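Dear colleague,

Please look at the structure first and then read on.

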Amino acid sequence: MIEFISQPWHWAVGGVFLALVSFLLTWLGRMFGISSIFRNICAMVGAGDRFSYFKVNLKEERWRLLFVFGIIVGGYIAAHYLASPEPVAISPKTVAHLQEWNIDAREGDGFLPVSIFNFSNPYGILLAVLGGFLVGFGTRYADGCTSGHAMTGLSHLQVQSFIAVIGFFIGGLIMTWILLPILIG
Amino acid sequence: MRLLSFFLVGILFGIVATKSEVISWFRIHEMFRFESFHMYGVIGSAVVFGIITMLIMKKLPVKTIDGKLVVYKVKAMQVKRFLIGGSIFGMGWGLIGACPGPMFTMLGHGFLIFGVVIVSAVVGAFVYGAIRDYLPH
């Protein structure tokens, strides 16, 4: 059983289970969405005293905190007990392209180019700070991320979320094709 | 008890996000380079199954555990907000290779640099909350 789960999953299996997560949260009376956690953390440390955006009913948001704790534990379990035998197998084209940037696609078991993103590389830390900032700022600006817009919003056939997802791709393409070659190419 | 169930669904998400490889920086990079169908397959099928699930829940209806109907709280149509905010998020996604859920999953994996990423994301959310009145929405 464990060995069966430990294989890399077919994309459709991933899709079914992501929809299952969305269903379970809906059935439990909530909507799938993660990026609000960043706002809630600001609210928890008292940002609501200065800016009205952070006046959040934290009692209503406790579920999301528990959900996010679960995600961290789920990541731990997946990494320690359900890890695939081989690194993530990306396309040979992407592997070849990354070699030109001196990045080995097997780094970090195929999850992260750890030669860049590690604590002994100040430049990598800087990029991590920049990436995190853009995600936190952008998801709150757009009022949702991949879960709130791409999953929940699109599942409810929302044009608003479709526009947001177009935005996600505009930004991702700008980063991947124009900025990343300068930053790490 | 209810809170515990959210914790358990979180664990499920962490495992699903790992096994479907959507937490991989390399998968995101490959997606934005259009060199594999994988990410499009995962997200696309998740959306298709999600649409079917929500249609069934609304039409039958399948009520929530509290006996309520499933009602989506529609967001105001603010095109600039979704496009500009979405693009800023997309740039971060393309750089760090993880959207918010995967950030926490990667932290659980032991990629501790995501502690830095998450703190920075909280700072980003704070800056948005501080200057949102000056931004086009």
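Predicted model: local features only at pLDDT ≥ 70, side-chain atom pairs only at ≥ 80, totals over all residues.

Residues are numbered from 1 along each chain as its sequence is written, chains are lettered from A and ligands numbered from 1 in the order in which they are written, and side-chain values use heavy atoms, with hydrogens and water left out.

Chain B has six helices and zero strands, where helices are DSSP runs of H or I with at least four residues and strands are runs of E with at least two, numbered from the N terminus. The C-alpha trace of chain B spans about 40 × 40 × 35 Å along its principal axes. Of the 137 residues in chain B, 58% are buried, a term that stands for under 20% relative accessible area with a 1.4 Å probe, protein chains only. If contact is taken as heavy atoms within 4.5 Å, then 44% of the contacts in chain B between residues at least 6 apart in sequence join residues at least 24 apart.

One residue to look at is B:Met57, which lies in helix α3 (residues 38–59) of chain B. Why is B:Met57 counted as buried? It is because the relative accessibility of B:Met57 is 1%. Leaving aside residues up to four places away in sequence, B:Met57 touches B:Val62 and B:Val70 in chain B, and A:Phe23, A:Thr26 and A:Trp27 in chain A.

The contact between the chains involves 106 residues from chain B and 130 residues from chain A. Together the two chains bury about 10400 Å², with 81% of that on carbon and sulfur atoms, buried area being the accessible area (1.4 Å probe) that two parts lose on being put together, summed over both. B:Lys19, B:Phe26 and B:Leu95 supply 8% of the area that chain B buries against chain A, more than any other three residues.

Across this interface the rule finds one salt bridge, defined as a side-chain nitrogen of Lys or Arg within 4 Å of a carboxyl oxygen of Asp or Glu. The side chains of B:Lys75 and A:Asp143 meet in a salt bridge, at 3.5 Å from N to O.

Methods
Buried < 20%, exposed > 50% of the residue type's maximum accessible area, 1.4 Å probe, protein only.
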